[in-house]
Structure formats: structure tokens, C-alpha cells
Amino acid sequence: MNTPQTIIMFDLDGTLFDTAQAIPLTFNAAFRALDLKELPQALIRQTIGLPLEQAFAQLMQLPVNNYLVELAVEEYQRQFKLIIIPAAQSLLFPGVINGLETLKRLGMRLSVTTNKFSHSANTLLSAAHIASLFDIVVCADEVQQKKPHPESGEKILDFFNASNAQAIMVGDTTHDILMANHLGCKSIAVTYGIHDEKTLLTASPNSLAHDFTQVVQLCQQYHQQQNALVSLV
């Protein structure tokens, strides 16, 4: 009997990449370019994890379809290439490259679900030299409903022809954990990213990880449990 695949779904910002400082800088660079008032970094950080247009709409107190929001999103994407992409590899959290390689070597299938647009997400992964480790990357402009809706997770499961019982979501915000809950899969909430432990616990994750080494250990445990269940059948 073939062992079913174990699917690991990762968020990007705050999970693989330490962008808590870089993203607010990029937002404010976009605001400056549009002659708009800069905002406190702490306020901007509260929107990380939301789709970009929703984040700008919230910060600018405007409807999502307002033309100024559309201009800000376009300018952010331009500034993203100037500020974040050149620093991509240095923004990876400690242990990410070795950890991903370990999971891949053990036979787990790796994927990304992110509320970033596809060009930004894929460029970031390529610039950090980890794009080849992922079988599929599902981005905000590739789904109708963004996280915490489960559509991106459903696309990943369809790609692997897998069930929700085979998957685990790894993320740093309640958006990620709620997506896993809606999808019906397990979740690991990382406490080193955007949302603190108390906030993450409100979404009822299955496990907490305080660094990427713990993420890898928890994924390995889940993988072993899956294999043990198969051997009993």
C-alpha cells in the first residue's frame, strides 16, 4: 500500500519571512510617493496578513474599490521590488532553508498559501532561493475568496489529489489558523510572527511553535502519526 502524501501549507510573511519591519517601511514608501501622510509602523503591522487592497483600504479609511486604494496598491508593488526583494534571503527566519529541505527530504509535499499577489510572492521566493522547494504556490489573485476563506487550501488539496486529513497549515496570524479550521485540517501557529500567542490562541490552533525548528519537529511528528495510521489499516 502506498503511503498517502503529507501536505504542509505555509504562509509567507511572518512565517517564512521576517517582514514585520520591511512591510511597514514599504507601505510608508508608497504613501510618500503618492504625497500621502505616513502612518505609524505599529498601525500598519496590524494589517499584515490581509489582502493588500483590504489593508490599504483599512489604513486609508476608504472603500476597497476607491481609486486611491488602487493607486496605493500599485505603488506598494513597485516599492516592494525596491525594498524587500533585494533583501529576500536575509529576511528568512533562522532555520527556514534547512528546515524546508529536511521536510522535503522526508517525503512531505510543500506548498504556500498567501494573501500576496502572485508576482510578489513568486519573486520573493525566487529571490530567497527557496522557490524550487514548493510544489504549488496559491496567491491572492488566483482565488475568488482570500484567507481566512479555505479556497486557497482547497486548491492545494486538489493539486495533490489529497484530503484535508493529510494537510497541516503553518501560519503566524489568525487568518491562517481560521483558514485551516474552515478547511478542516490541522494547524501550527507560529508565535514569532505578526500575531502574538494570546491572539493566535483565539483561533484554536492544534499546536504552537516558537521558532522554525519547532515547526519542523511538529511537522515530522504529524507525518509519523499519518504513517502509523496507514500501517494499522
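Predicted model: local features only at pLDDT ≥ 70, side-chain atom pairs only at ≥ 80, totals over all residues.

Modeller: A disulfide is a pair of cysteine sulfur atoms within 2.5 Å.

Colleague: What rules out a bond for C139?

Modeller: The closest cysteine sulfur to that of C139 is in C185, 18 Å away, and this too is too far for a bond. The structure as a whole holds 0 disulfides.

Colleague: Why are C139 and C185 called buried?

Modeller: The term buried applies under 20% relative accessible area. C139 has 1% relative accessibility and therefore counts as buried; C185, with 7%, is buried as well.

Colleague: Which residues make the contact between α1 and α4?

Modeller: From α1 the contact takes in I23, L25, T26, F27, A29, A30 and A33, and from α4 it takes in A72, E75, Y76, Q79, F80 and I83. By class, the contact has 10 nonpolar, 2 polar and 1 charged residues.

Colleague: Why is the pair α3 and α4 called oblique?

Modeller: The axes of α3 and α4 come within 9 Å and cross at roughly 120°. Since the roughly perpendicular class covers 65 to 115 degrees and the roughly antiparallel class begins over 145, the two helices are oblique to each other. α3 passes α4 in a right-handed crossing. On α3 (52-60), the residues concerned are L52, E53, F56, A57 and M60, which meet L68, V69, A72, V73, Y76 and Q77 of α4. That contact has 9 nonpolar, 1 polar and 1 charged residues.

Colleague: Which residues of helix α6 are buried, and against what do they pack?

Modeller: In α6 (residues 118-127), S118, S120, A121, L124 and L125 are buried. The buried residues of α6 pack against α4, β2 (109-113) and β3 (136-138).

Colleague: What makes the backbone of H129 and Q61 worth a remark?

Modeller: Neither is a glycine, yet phi is positive in H129, at about 65°, and in Q61, at about 55°. H129 follows α6 and lies in the loop between α6 and β3. Q61 is placed in the loop between α3 and α4.

Colleague: Are H129 and Q61 buried or exposed?

Modeller: A residue is exposed over 50% relative accessible area. H129, at 58%, counts as exposed, and Q61, at 73%, is exposed too.

Colleague: Where is the cis peptide bond involving P148?

Modeller: A cis peptide bond joins K147 and P148, with omega about 20°. P148 is in the loop between β3 and α7 (151-160).

Colleague: Why is F212 called buried?

Modeller: Its relative accessible area is 2%, and buried means under 20%, so F212 is buried. F212 lies in helix α10 (residues 212-232). Leaving aside neighbours within four places in sequence, F212 is in contact with F10, T15, L16, P94, G95, V96, G99, L100 and Y192. Of these contacts, V96 is 116 residues from F212 in sequence but 6.3 Å from it in space, C-alpha to C-alpha.

Colleague: How do you know that Y222 is buried?

Modeller: Y222, found in helix α10, has a relative accessible area of 4% and is therefore buried. With neighbours within four places in sequence left aside, Y222 is in contact with T6, A165, Q166, A167, I168 and K186. Y222 and G184 are 38 residues apart in sequence and 15 Å apart in space, C-alpha to C-alpha.

Notes
Residues numbered from 1 in each chain as written. Heavy atoms only, no water. Buried < 20%, exposed > 50% of the residue type's maximum accessible area, 1.4 Å probe, protein only. Contact = heavy atoms within 4.5 Å. Helix = DSSP H or I, 4+ residues; strand = E, 2+ residues; numbered from the N terminus. Nonpolar A, V, L, I, M, F, W, Y, C, P; charged D, E, K, R; others polar. Axes fitted to C-alpha atoms, helices over the stretch in contact; angles between N-to-C directions. Parallel < 35°, antiparallel > 145°, perpendicular 65-115°, else oblique. Left-handed = near helix turned anticlockwise from the far one by under 90°.
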